[in-house]
Amino acid sequence: LELIILKLGGSVICDKSKPFSIRRRVLRRIANEISKFLKEEPEKKLIIIHGGGSFGHYAVQEYLSLKGILDLEALVNVERIMLELSTTLADYFIDAGIPISILTTHSLVMIDDERELIINTRYIEQFLRMGVVPMMYGDLIISSKGSIKVVSGDTLAWELAYRLKANKLLFATSVDGVYSSKPEFPNAILLNELSLSSMINKVTYSETSVYDVTGGMFRKLIEGIGKIRPSMKVYIFNGLRAGEIYRALKDRPLKGTVIKP
Ligand code: IPE
């Protein structure tokens, strides 16, 4: 039984420069790519996780700049906004024939005192067994201490990949993969492969590391430490490139970075 976890970055599904803007054409294409793959390989199990894009990030930033903390008002409103984004995605996916069930992150995941996620994985596994494609997303969640925290889609993706022993973890982002320096720099080279342990060594030696990735990319990688398994294939690639999500699901993206332990 092969399990694939696909994280759709917020900048793939949304235009992050504008609040509440969804890339509808991209969504339609992604829905068709996933649907085509599942029709060809119906025995594969898939979990989709998406980011906050210009919905969650925007709303969280608004509350933080307004109040400095995430309170109950932030909790209920961000949860509602994220569910709205997720429902929009589900509309496209279900229309393309993908049996999506939105598993609202805040009702399935809590955080404990030690910053460990408490996740009801049995529930997710049963959905998978029944042939459903569960969809979760970055969200606000409650902690056992009574505080409210942001859980990113990346954190969820790594955590679920680890706990459910996923065979493949795919990060569809808005760049081609991990670069040797900022992608905007002319000398930046796309890395075909990156080992998390070697990256950590380099990073601890100098603040401005060899792998001068963006905050987002860097965090995405750091979170994989301790969660990546040698048997897990991890790709970071460009989900805005037509056909690339399909090719990544098929194990042959045109470009991208393979992440190794
Ligand atoms: C953010 O999720 C969730 C909220 C802000 C509520 P992610 O961190 O996974 O989102 P993207 O992929 O960067 O947009």
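Reader: How many aromatic pairs does the structure hold?

Author: Good place to start! Keep in mind that this is a predicted model. Rings count as a pair if their centres lie within 6.5 Å. By that rule, the number of aromatic pairs in the structure is four.

Reader: Is the pair of Phe-20 and Tyr-58 stacked or edge-to-face?

Author: Let's look at the angle. The ring centres are 5.2 Å apart, and the planes make an angle of 80°. Planes over 60 degrees apart fall in one class, and so Phe-20 and Tyr-58 are edge-to-face.

Reader: How many residues apart in sequence are the parts that this pair ties together?

Author: Find each partner along the chain. Phe-20 lies in the loop between helix H1 (10-13) and helix H2 (24-40), while Tyr-58 is in helix H3. The pair therefore ties together parts whose separation in sequence is 38 residues.

Reader: Now the ligand: which helix gives the largest share of the shell around it?

Author: The ligand sits in the largest pocket. Two elements give two or more residues to its shell, helix H3 (53-67) and helix H7 (153-163). The largest share, four residues, comes from H3.

Reader: What is the distance from an oxygen atom of the ligand to a polar backbone atom of Gly-153?

Author: Among the closest of the 16 residues surrounding the ligand are Lys-7, Gly-10 and Gly-153. A ligand oxygen is 3.0 Å from an N or O atom in the Lys-7 side chain, and one is 2.8 Å from a polar backbone atom of Gly-10. For the polar backbone atom of Gly-153, the distance is 2.6 Å.

Reader: What percentage of the ligand's accessible area does the protein cover?

Author: On its own, the ligand has 400 Å² of accessible area.

Notes. Residues are numbered from 1 along each chain as its sequence is written. This is a predicted model: local features need pLDDT of at least 70, side-chain atom pairs count only at pLDDT 80 or more; totals for chains, interfaces and linings use all residues. Side-chain values use heavy atoms; hydrogens and water are left out. A residue is near a molecule or strand if one of its heavy atoms lies within 4 Å of it. A polar contact is a pair of N or O atoms within 3.5 Å; within protein, one must be able to donate a hydrogen and the other to accept it, and residues adjacent in sequence count only if both atoms are side-chain atoms. Accessible areas come from the Shrake-Rupley method with a 1.4 Å probe; for residues, only the protein chains shown count as cover. On a 1 Å grid over the protein atoms alone, a cavity is a set of points where a 1.4 Å probe fits but cannot get out, and a pocket is an open set with protein on both sides within 12 Å along at least five of seven lines; lining residues have an atom within 4 Å of a point. A molecule sits in a cavity or pocket if more than half of its atoms lie within 2 Å of its grid points. Rings of Phe, Tyr and Trp (its six-membered ring) pair if their centres lie within 6.5 Å; planes under 30 degrees apart count as stacked, over 60 as edge-to-face and the rest as tilted.
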